[in-house]
Amino acid sequence: VWAAVALISETVATLPIEAKRKNGAGYDPVDRHPVLDMLNVQPNPEMTPLAFRELMTARALMWGNGTAEIQRRANGQPAYLWPIHPSRLTPVRSSSGALEYDIDRESYYTDMPRHRASATIPASDLFNVRFKGDGIWGQSIIGFARDSIGLAAAAETFGSSLFANRATPGGVVEIPGSLNPKQIQQFHDEWSMNTGPEAAHRIKLLMKGATWKTTGIPPEDAQ
């Protein structure tokens, strides 16, 4: 996993980033733009553009989201992109319905200092490289793999249990009338000794009008 993430993130980090301006039905190349300066020259005073793009891609793959807080100038133009670990963010809706991100003030990933006092980040001030997900918050490859492995493990455990009992579902023995506690225990012990893989093909006897009723799932249905 680490080798795959490293290969993808390092490769993406070296790809050129260009900007284009819409012009009628087409697009014209843009040589200078504040966003281009952040992504190609200096995302923030502490990181190179290569390191920033590699980090965003790696976190998108491992966590589903490569997130950075946008620090703006007085005129509203973006100035810097400060990485913030996605585990600290939770997408929420404000009272007006606007998308925001609650932020956990505790940092365990040496995140850069925040440049706002509020406990939320507006969606317009969050740079996010998402992988899959619902368009608002991403889903990590590790999460997908965990679910798939969990399903396979659960199926294997169920299959082992099923075949350990000769692929025979559970059931109940119905006996007309009543038995005293000693008779119940004796019947239970004798019946239990004749179940399981080691008791395959043994003849089971049901006396005193007792009948067997299956309560589990038939093997063909379980399969």
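Trainee: Over how many bridges do strand β3 and β8 pair, and in which sense?

Mentor: Strand β3 (residues 65-72) and β8 pair over 5 bridges, in the antiparallel sense. Two strands pair if DSSP finds at least two bridges between them. Gly66 stands opposite Val129 in β8. A word on the source: this is a predicted model, where local features need pLDDT of at least 70, side-chain atom pairs count only at pLDDT 80 or more, and totals for chains, interfaces and linings use all residues. Residues are numbered from 1 along each chain as its sequence is written, and side-chain values use heavy atoms, with hydrogens and water left out.

Trainee: What counts as a strand or a helix?

Mentor: Both are DSSP runs, numbered from the N terminus: helices are H or I with at least four residues, strands are E with at least two.

Trainee: What makes β4 and β8 edge strands?

Mentor: The order in this open sheet of 3 strands is β4-β3-β8, with antiparallel pairing. β4 (78-83) and β8 each have a single partner strand, so one side of each is left without a neighbour in the sheet. The twist averages 25 degrees from one strand to the next.

Trainee: Why is α1 called oblique to α3?

Mentor: Helix α1 (residues 2-14) and helix α3 (residues 49-63) pack at about 140 degrees, with axes 8 Å apart. That makes α1 oblique to α3. Under 35 degrees is roughly parallel, over 145 roughly antiparallel, 65 to 115 roughly perpendicular, and the rest oblique. The axes are lines fitted to C-alpha atoms, for helices over the stretch in contact, and angles run from 0 to 180 degrees between N-to-C directions.

Trainee: Which residues of α1 meet α3?

Mentor: Val5, Ile8, Ser9, Glu10, Val12, Ala13 and Thr14 do. Contact means heavy atoms within 4.5 Å. Their partners in α3 include Leu50, Arg53 and Leu61.

Trainee: What does α3 lie across?

Mentor: α3 lies across β3, β4 and β8, running at about 135 degrees to β3.

Trainee: How many aromatic pairs are there in the whole structure?

Mentor: The search finds 3. Rings of Phe, Tyr and Trp (its six-membered ring) pair if their centres lie within 6.5 Å.

Trainee: What makes the pair of Phe52 and Phe127 tilted?

Mentor: Their centres are 5.9 Å apart, with 45 degrees between the planes. Planes under 30 degrees apart count as stacked, over 60 as edge-to-face and the rest as tilted. The pair links Phe52 in helix α3 with Phe127 in strand β8 (residues 126-130), 75 residues apart.
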